[in-house]
Amino acid sequence: MFLKNTLKLCFKKTELMIGLCLTVFAAVMLLILPYQVPEASGKWGVIMAVPAGHRFFPILSLILVLICGLFIMIEGIYSKNGIEKKEEKKSTEDYKGFWVTAASWAVYAFMVIYIGYVVSTALLLLFLLWYYGAKSMVKNLIITAGATLFLYVIFVMVMKLPFPRDTILF
Amino acid sequence: MWEYIINGFAAAFQPATLLAMVAGVIAGGWFGAMPGLTATMAMAILVPFTYFMEPLIGIPFLLGVYKGGIWGGSIPGILINVPGTGAAVATLIDGYPMAKSGFAKKALLAALIASFSGELLSSLWVMFIMEPLSRVALLFGAADLFSLIFASLVVMATVSEGTFIKGLASLGIGLWLAGIGMDPTLGVSRFDFGFLQLIEGFHFVPVVIGLFAFSEVLGAVINRKNIALSKSIATDWGPGLNKKDLIAIVPPILKGTVIGTIIGMIPAVGQPVAAFLGYGVEKKTNRHPEKFGTGVIEGVAAPEAANNAVNGGALIPMLTFGIPGDVVTAVLLGAFIVQGLRPGPFLMVEHAEMMYSIFAVKIVACFVMLIVGRILIEPLAKMVLIPRTYLLPVLIAFCFVGTFAIQNSMFDVFTGLLFGVIGFYLKKYKFNVGTIAISFLLGKVLEKYLFQALSISHGDWSVFITRPISLAFLIIALTMIITSVFYHFKNKAKIESGAAG
């Protein structure tokens, strides 16, 4: 019940949510630290063991994040201004476009590996131009062709970057 | 020293070097002139490509991008009241009214000349001050360097945008990211989560491209329908600068240059602060302060000289101690390191000839910016209104290749994506990604100096307080934290009593 109410409150109070995320992140990293940062062993471990060993900095930085997260959480809980109104999302803001763009980047990466740089770039540009609202297909094709050629000349011909697959096709 | 300076200028006038500077100014100017694109983004996207170039081609190119980017931000600010970069916000206070009154050309030229002068004077200052400063830097031991870097990071964290607590959290996040991979002491791999690619930690470039370029692109994607750029860009350019104008802008340029150079030496303060301070000082000391805001040429010259002079000042801590004053300098630091130039106390000792070549390049690049900028003003003004719809996909393709080009690794590509998404949300919730990037860059160096200091003192922590230089910097760090806590609670109490009243 407490967890449910806390989560409900989090979604209403942004600062509380931010603080909670930071705190949880730091706490989890500190918990897994013994597995992710093994003890130094052998003679080098003994010889090199100084008060600030190889775990010192990660622990210090995570404790800093934890303390800051807790501070932000406490400020969020005790904020006297009451429940914050969630920032009104403008109707013109396109958060879906954010995720489509991020996903396009990932898909583009796989396409470059399996199809080749030039074709993948052309497809990416064409898709994004269309998605972002460029209506004229002719203009989109011209821009795609021009931009792909420019990128090919710069990265493949001038800089000779070795892409995973052949640059043009397969 | 004079021999190095003469040889440096000889190297700077090589055709390939000049061409690199021209290309850099054009690229940087374009990024700076596009609202929503920044000089930082330009540096982040273009720095990977300099890794394939010789130092005296790659570094001049980046210096050109840096100069062009800061100057270019004034163009949309003056023409359409939308600053191209944060550094240009002060410029539009008088620049836009000048453009609206039919003096767009005068304002743009004043901004260009002020940018050129501010940058040139601060670059000359840096060239002559570096050698004596480097000798002072050699007196710093490991404990002193640790405390200096630590204090710089704390200053950055506490004065950066957002609350100081989020600044400190950003510092912690950056230091943790720096800790990923092999530690500098025992070579033990930390937080690699089983990925072989993380044994050496995240590479700086994909992280920077993600945090500063791709996150901005993602933000621009979300807001692309909101950017209602006025179509009423000034088409009546009006007259250029006359003799009276050139005389009038000399005092604000000189004042702005001094302010900008000093501000540049202080970590985290950066161009926007220098620009506003330059504007404020000029307004206070001008014979007609009441005219500021209505379109006076001094109101354009002062902030532009200040924000460009920061470029020179910021090089001082970067080259002598390896501490970047802002994110753009941090990216430049990364480029220096990849070119085999490790900024720090020994840089002038080991690479004096190369350094004077770079200073000479910096000075020559000012003249390149003046000439190229004069030619580019009108074409860039026309490009200001290019719809984001067409720009964003091309930028995404650039970011992608930038992340891939460093190590020819798709892991870096996905790193760029991860930090792009994270960077967007961090900025949205007022965390300072600049502090994250700089603490990430300096984290391993900080740890190395800590280890060295403790090794030399045989594990005795008092070395940090028994050495006077180290103690002084630790006191600065502590003072910054205490004053930030004090002002945080004082402001909070004020707000809450205001809300209750």
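Predicted model: local features only at pLDDT ≥ 70, side-chain atom pairs only at ≥ 80, totals over all residues.

I started with the surface: chain A has an accessible surface of about 10200 Å², and 73% of this belongs to carbon and sulfur atoms. The areas come from the Shrake-Rupley method with a 1.4 Å probe, and for residues only the protein chains shown count as cover.

Residues are numbered from 1 along each chain as written, chains are lettered from A and ligands numbered from 1 in the order written, and side-chain values use heavy atoms, with hydrogens and water left out.

Next I looked up the fold of chain A: 7 helices and 0 strands (DSSP runs, H or I of at least four residues for helices, E of at least two for strands, numbered from the N terminus). Of its 170 residues, 37% are buried (under 20% relative accessible area, 1.4 Å probe, protein chains only).

Then I turned to the rings. I found 34 aromatic pairs over all chains (Phe, Tyr and six-membered Trp rings with centres within 6.5 Å). One of them, A:Tyr95 with B:Phe424, is edge-to-face (planes over 60 degrees apart), at 6.4 Å centre to centre and 70° between the planes. This pair crosses between chains, from helix H5 (residues 95-114) of chain A to helix H19 (residues 410-428) of chain B. Both A:Tyr95 and B:Phe424 are buried.

I also noted a cluster linked by ring pairs: A:Phe56, A:Phe57, B:Phe146, B:Phe150, B:Trp461 and B:Phe464.

Notes: Buried < 20%, exposed > 50% of the residue type's maximum accessible area, 1.4 Å probe, protein only. Phe/Tyr/Trp six-rings, centres within 6.5 Å; stacked < 30°, edge-to-face > 60°.
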